[in-house]
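Read it alongside the model.

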Amino acid sequence: MPAIRLRLGAFSAVLALLAATTSPSVAQKKYDIGASDSEIKIGNIMPYSGAASAYGVIGKTEEAYFRKINAEGGINGRKVTFISYDDAYTPPKTVEQARKLVESDEVLLIFNSLGTPPNSAIQKYMNQKKVPQLFVATGATKWNDPREFPWTMGWQPNYQSESIIYAKYILKNKPDAKIAVLYQNDDYGKDYLKGFKDGLGAKAASMIVAEDSYEVTEPTIDSHIVRLKASGADVFFNITTPKFAAQAIKKNAELNWHPLHFLNNVSGSIGSVIKPAGFENAQDIISSQYFKDPTDPQWKTDKAMIAWNEFLDKYYPEANRADASVMYAYIVSQGLVHVLKACGDDLTRENVMKQAASIRDYEPGGLLPGVKVNTSATDFAPLSQLQLIRFKGQTWERFGDILSGDVGG
Amino acid sequence: MSAAEEVEVVTEGQAVEAVPKRAMTLGYGTSLIVLAVLILIPLFVKNFIIFQMTMLLIYALAVMALNILTGGSGQFSLGQSAFYAVGAYTSAILMEHAGMNYALTLPVAGIVCFGFGFLFGQPALRLSGVYLALATFALATAMPQLLKLGYFEHWTGGVQGLVVTKPDAPFGLPMGQDMWLYYFTLAVSIGIYLASVNLLRSRSGRAFMAIRDNEIAASAMGVDVALYKTLAFGVSAGITGVAGGLGAIAVQFVAPDGYTIQLAISLFLGMVVGGVGWLPGSIVGSAFIIFVPNIAEGISKGLSGAVFGVLLFLVIFLVPHGARQVAIVAQQLAAKLKKN
């Protein structure tokens, strides 16, 4: 009977193995600092004051969203404590606030901290401390680098992949284009420009006939537009933040300059860019999108949009619904709740990163149809799909397929 | 001399109050107590507090540097953030690109900034009072853009900044990085503080103060006004540069956005709150610019700027001479108690 005994032995071995692997995660609750049976502490850093304070609304929306989650019973029965500090967009202050969150408030993770320089300043610290720096609020390309920085993860489609999409479109549809580029002189503008040049490849040097940058402190960019028009370009890539984007669109019309106009999606909001610039001036501008613009009438009866409005009515009634940041924060908050739910009772920092890195085809409310959140152990760029849109009448018209342009950091 | 110039000299004299040189420092007893507190605190608090205290010392150094310039020689500067940035970048670049020891980068940062400040002091000689403040203001607004320039990007990291490695404690000392850096900063700060006190008590210091009190009288007495004014600028910039270097090491990161005009204004604020011309007040001023924004934020997130403004207004209104005034009142109280 040696064969049977052997099989029995193998069977019991398998049983023992099963018991060893499954029982701790089912029966035992595991916590790191910042999580307990009743609470999950989440840290956040926002520029509530200073030059970038317009983005502070993201922190406020997130705070409102977690109030909603708590009112509905929390995440797996645990209440979320959301601690958000102001860093005024200055990196030394960000370091101070991050250390306060991690060492003094003892949060489980820092979520959606805003801005490339502030996040760069704390990236090394967070990775040394092995505290998740999850879903950072910046489109820089460098956050998708799981090998060097396994505790840092991005969120939105990065700037470079967006401009690569425009570059591909130009190469395909207007191969003899003469391109003028206007960009904001900071990390954001330069990241877009780099992606654009990479996308055009060897033809970048001959196709780009004019390149101009402005400082975020300038009151108006009119003179830059005049200069770019003089270059005789027939394609205009507009890498500007909302206020300047509206100025540029208006000035183009005033000068009667009608190039094929590409507008970065940072400034795609109808409410804060297109409307102030004038609908008639914005016809045929091409941009891209990954979430629904709340001011766009085509989503009026959309289910996700109705849910969003209900959430704002109840928890954040004073919100400016034309501000794309409110929608942005709503979506990314859902992303965090999704990850924490998936963690179950294993609320360790390691498991948070593990769950964040194994999101499959997740569709939080507010994304465009077909855009999905996907991550893996080697892909720390949750959102990387965009759809090209063209402005017609009073709304954006989507055209073409959902495009993806993954770039690593 | 024209009437307009005369008016200017008079207003300048009023703006920066004459502080006798002995009143610029603390007595021995008080100094020792403050020193003991600064040495002992880190043994009992969390790493995060130690980090905050390190930043406290670093900003105190920068505020003191401005204090030497304004309180000592009567010149205004809103451009200290530029010198701070140059010091920070000098240290960061030397550490990351040249692999230099962090402690050695500090004197280099100091010397580079001294040179920079001295050279900037040359054209600034022709300006005084508010005009000088404006010229330095221009320097502060230009600096972040200069740091972003493509030509320097290879060294400065451009808009992305540079990440700096934090040093470990040497000789296998049993302390964490934060604690070591704190004591290192404390040692540097004490050294610079003592040197500054001595400088102000020396011949040069007397020359600074003579210029502050009355330029014409000073030059009549044989003080080389041009030389000492630029020297004051150089010394102030040099100390600010060392503070910047220390700041870069403590924060582990330098980026143009860290050194905007806001920093210069904060330092100026720190000087006023600490008491213009009173060197020990620098640490009080530094505490004000680090902790009061946090308190303001704790009171109201949306209106933190307004709350900060109200707190600042209260300080200026109640104690217009800053911490120095508080110290004097405390001293008088103590004396009274002793008598009773």
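A:Gly43 stands opposite A:Ile110 in E4(A). The model is predicted: local features need pLDDT of at least 70, side-chain atom pairs count only at pLDDT 80 or more, and totals for chains, interfaces and linings use all residues. Residues are numbered from 1 along each chain as its sequence is written, while chains are lettered from A and ligands numbered from 1 in the order in which they are written.

**Sheet.** Two bridges join strand E2 (residues 39-46) of chain A to strand E4 (residues 109-111) of chain A, and these strands run parallel. Helices (H or I, at least four residues) and strands (E, at least two) are DSSP runs, numbered from the N terminus. Two strands pair if DSSP finds at least two bridges between them. The open sheet has four strands in the order E3-E2-E4-E5 (chain A), with parallel pairing. Its edges are strand E3 (79-86) and strand E5 (133-134) of chain A, each pairing on one side only.

**Domains.** Domain bounds come from an automatic or database domain assignment. Chain A is assigned domain 1 (39-157 + 300-385) and domain 2 (159-289). The C-alpha centres of these domains of chain A lie 29 Å apart. Their contact takes 12 residues from domain 1 of chain A and 12 residues from domain 2 of chain A. Contact means C-beta atoms, placed from the backbone, within 7 Å.

**Chain interface.** 24 residues of chain A are in contact with 24 residues of chain B. H3(A) gives the largest share of the chain A side, eight residues. Ala, Val, Leu, Ile, Met, Phe, Trp, Tyr, Cys and Pro count as nonpolar, Asp, Glu, Lys and Arg as charged, and the others, Gly among them, as polar.

| Domain 1 of chain A, touching domain 2 of chain A | seven residues | four residues | one residue |

**Core.** A nonpolar core is a set of buried Ala, Val, Leu, Ile, Met, Phe, Trp, Tyr and Cys residues joined through C-beta atoms within 7 Å. Buried means 20 or more other C-beta atoms within 10 Å of a residue's own, with C-beta atoms placed from the backbone. The largest nonpolar core has 208 residues, of which A:Val181, B:Leu61 and B:Ala62 touch the most other members. Helix H3 (residues 47-73) of chain B gives the most to this core, 17 residues. Leaving aside neighbours within four places in sequence, A:Val181 is in contact with residues including A:Leu193, A:Phe196 and A:Glu211.

Terms used
Contact = placed C-beta atoms within 7 Å. Buried ≥ 20, exposed ≤ 12 C-beta atoms within 10 Å, placed from the backbone.
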